[in-house]
Amino acid sequence: MSSSGAAGLLYPLLGACLWAAVVAYKPVIIVHGLFDSSGDFKNLQRFINESHPGTNVTVIDLFDRSASLQPMWKQVEGFKDAVYPIMQNAADGVHFICYSQGGLVCRGILSTLSDHNVHSFISLSSPQAGQYGDTDYLKYLFPQFVKSNLYHLCYTAVGQRVSICNYWNDPHHKDLYVNSSDYLALLNGERPSPNSTEWKKNFLMIKKLVLIGGPDDGVITPWQSSQFGFYNDNETVVEMQHQDLYLSDFFGLKTLAARGDVIICSVPGVEHVWWHSNETVFHSCIERWLV
């Protein structure tokens with residue numbers, strides 16, 4: 001074969017390789033929520049593969065169903081072990097999509113993993129500022145309690161062995177929450193921790209924080225917790241920008257916002273169990289951050 005003929009074959013091949021390199025998408029890691037399992041995310045996987053063909057999507061199959069009630073720090077360590085090899089094999093980094101309770105698991109990973117390479121952290125209807133509501137989940141888990149008295153259980157050593165109690169945030173018993181929460185109060189910097197400076201540095205390594213939620217969620221209470229809003233002691237919602245955890249920049253939220261890297265995406269008409277299966281949510285709030 002002549003050299004020109006070889007070149008004629010080589011150049012298109014090189015072009016194809018370059019094109020593949022240009023459009024290669026970062027791997028996506030999905031972390032599920034309370035009572036979920038990896039099989040619940042088939043629609044989300046399909047949306048990703050249709051919009052970004054060839055994306056390596058991994059739904060971590062750990063702490064499924066009732067195992068999702070295990071303590072949050074235990075889940076953080078388990079999920080961390082599962083996601084770390086994926087990160088190590090992704091030279092250009094990865095994206096997190098973390099649903100419901102999984103959004104708080106991912107916060108724990110991002111805060112404690114000093115060499116993570118997460119670009120977009122997409123928090124999908126996750127109680128980032130805590131949970132305080134009489135939901136079906138609460139009635140199922142603690143039939144003898146309502147929101148106003150669950151603190152009697154949650155703010156004890158026994159209660160803190162149940163995941164939901166790790167982020168139960170009773171606005172009428174703030175001191176108990178701050179002193180008893182082994183997870184959220186530490187992550188949010190509401191209780192001092194010797195690790196807080198390191199955790200903040202690690203968390204700020206993300207490139208984008210996407211906070212997705214909506215007024216018809218029906219589970220996350222208040223729904224604005226998905227965007228770091230929460231109740232004051234009168235159960236009036238105080239938005240993120242007026243929360244102490246934002247103003248004091250305990251874990252880097254205000255710094256991220258100042259960088260222009262906090263994206264708020266609110267979608268009405270979506271019930272909690274449908275966030276990961278709603279195509280409008282995907283195209284409006286998620287798709288553009290998976291590049």
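Predicted model: local features only at pLDDT ≥ 70, side-chain atom pairs only at ≥ 80, totals over all residues.

User: Which residues in H3 and H4 meet?

Analyst: From H3 you have Met72, Trp73, Gln75, Val76, Phe79, Lys80 and Val83, and from H4 they meet Gln101, Leu104, Val105, Gly108, Ile109 and Thr112. Sorted by kind, the residues of this contact come out as eight nonpolar, four polar and one charged.

User: On to the cysteines. How do you know that Cys98 and Cys106 form a disulfide?

Analyst: Check the sulfur atoms: those of Cys98 and Cys106 are 2.1 Å apart, and the cut-off is within 2.5 Å. That pair passes, so Cys98 and Cys106 form a disulfide. The angle about its S-S bond is -85°, and the link is left-handed. Cys98 and Cys106 are both buried.

User: Why is the disulfide of Cys154 and Cys165 called left-handed?

Analyst: It's down to the torsion about the S-S bond, which is about -65° for Cys154 and Cys165, so the disulfide is left-handed. The S to S distance for this pair is 2.1 Å.

User: What does the pair of Cys154 and Cys165 tie together?

Analyst: Cys154 sits in helix H6 (residues 151-154) and Cys165 in helix H7 (residues 163-166), so the pair ties together parts that are 11 residues apart in sequence.

User: Why is Cys154 called buried?

Analyst: Its relative accessible area is 0%, and buried means under 20%, so Cys154 is buried. Cys165 goes through the same way: with 0% relative accessibility, Cys165 counts as buried.

User: What makes Cys265 and Cys285 a disulfide, and what is its handedness?

Analyst: The S to S distance between Cys265 and Cys285 is 2.0 Å, against a cut-off of within 2.5 Å, so a disulfide joins Cys265 to Cys285. The torsion about that S-S bond is about -65°, so this disulfide is left-handed. Cys265 belongs to strand S8 (residues 262-266) and Cys285 to helix H13 (residues 279-286), distant parts of the chain 20 residues apart. Cys265 and Cys285 are both buried.

User: How many disulfides is that by this rule, and what pattern do they follow?

Analyst: The count is three disulfides. Number the bonded cysteines along the chain and the pattern reads 1-2, 3-4, 5-6.

User: How do you know that Asn202 counts as buried?

Analyst: Asn202 has 1% relative accessibility, and the label needs under 20%, so Asn202 counts as buried. Asn202 is in helix H10 (residues 196-203). Leaving out residues up to four places away in sequence, Asn202 touches Leu110, Ser111, Thr112, Leu113, Ser114 and His116.

User: And why is Pro171 called buried?

Analyst: Pro171 comes in at 6% relative accessibility, with the line drawn at under 20%, so Pro171 counts as buried. You'll find Pro171 in the loop between H7 and helix H8 (174-180). Not counting residues up to four places away in sequence, Pro171 touches Tyr132, Phe230, Tyr231, Asn232, Asp233 and Glu235. From Pro171 to Leu153, C-alpha to C-alpha, is 15 Å in space, and the two are 18 residues apart in sequence.

Conventions
Residues numbered from 1 in each chain as written. Heavy atoms only, no water. Contact = heavy atoms within 4.5 Å. Helix = DSSP H or I, 4+ residues; strand = E, 2+ residues; numbered from the N terminus. Nonpolar A, V, L, I, M, F, W, Y, C, P; charged D, E, K, R; others polar. Buried < 20%, exposed > 50% of the residue type's maximum accessible area, 1.4 Å probe, protein only.
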